[in-house]
Amino acid sequence: KGDIGIYLDSIGTVTPIYTSSITSQVNGIVTAVHYKEGQIIRKGDALIDIDDRSYRATLLQAQGTLDRDEGLLAQGQMNAERYREAWARRAIPKQTLDDQEKLVLQQQGTVKLDQGLVQFDQIQVGYCHITAPITGKVGLRLVDPGNVVQSSGALTLAVITQLQPIAVVFTLPEDNLQTVSQHMHQSTLPVEAYSRDDLTKLATGKLLTIDNQIDQTTGTGRLKAMFDNP
């Protein structure tokens, strides 16, 4: 007597956990492409640079407007403080102090508006320097220096797929799903991947989850397994 393994066979599809199709969020000319085709890149690595001179000029204008309005706000606050002291001595009417305090509130709102414009322009400048959002393998080069890109997103600049770890999606008959689910809660279920001819064992992973729906046309449910994929 002893325990024996019960194997359920299925055809699976290898699926990257993350696939990033990178598009431009600004309009401009591509000035540099930093990646090589098929390269393994890390999150945060530089991919593509877009000419940012016009966006930096707009940012400079916004910063100048912010500096000016911050100066006006500081002046308004000083005047309001003087008016409070004068009102305490009954040297000015109360309406003069009230008007100045409301003017300070308006100036504070103007400064917040300027700060928002500066932050927006900073984001636009950041969009000109595209970095990798994930760690993975980049595909073939899709854009060259000198090409004009648009923020409409019609042109894909690069595609990155995460390969380590990697997932395999497969299906099982609905009659097996309850048994598999029960054993999932008791222990980690191993999943073995074999080559197309079913002769060569490629890797051993673990079952990650069962989908929450059953395909009524085929009577099957989808499952996902995870492999380290070294």
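**Strand pairing and hairpins in a predicted model**

In the hairpin formed by strand 12 and strand 13, four residues lie between the strands, and Gly-219 takes a positive phi near 70°. Strands here are DSSP runs of E with at least two residues, numbered from the N terminus, and two strands pair if DSSP finds at least two bridges between them. This is a predicted model, in which local features need pLDDT of at least 70, side-chain atom pairs count only at pLDDT 80 or more, and totals for chains, interfaces and linings use all residues. Residues are numbered from 1 along each chain as its sequence is written, and side-chain values use heavy atoms, with hydrogens and water left out.

- Strand 12 (residues 201-215) runs antiparallel to strand 11 (residues 190-194), and five bridges join the two.
- Within this pair, Tyr-194 stands opposite Lys-201 of strand 12.
- The hairpin of strand 11 and strand 12 has six residues between the strands, and Asp-198 takes a positive phi near 65° there.
- Strand 12 is also joined by six bridges to strand 13 (residues 220-227), again in an antiparallel arrangement.
- Opposite Ile-214 stands Gly-221 of strand 13.

- Four strands in the order 2-9-7-4 make up an open sheet with antiparallel pairing.
- Strand 2 (19-23) and strand 4 (40-41) stand at its edges with a single partner strand each, so one side of each is left without a neighbour in the sheet.
- Strand 2 and strand 9 (residues 156-161) run antiparallel and are joined by five bridges.
- Ser-21 has Val-159 in strand 9 as its bridge partner.
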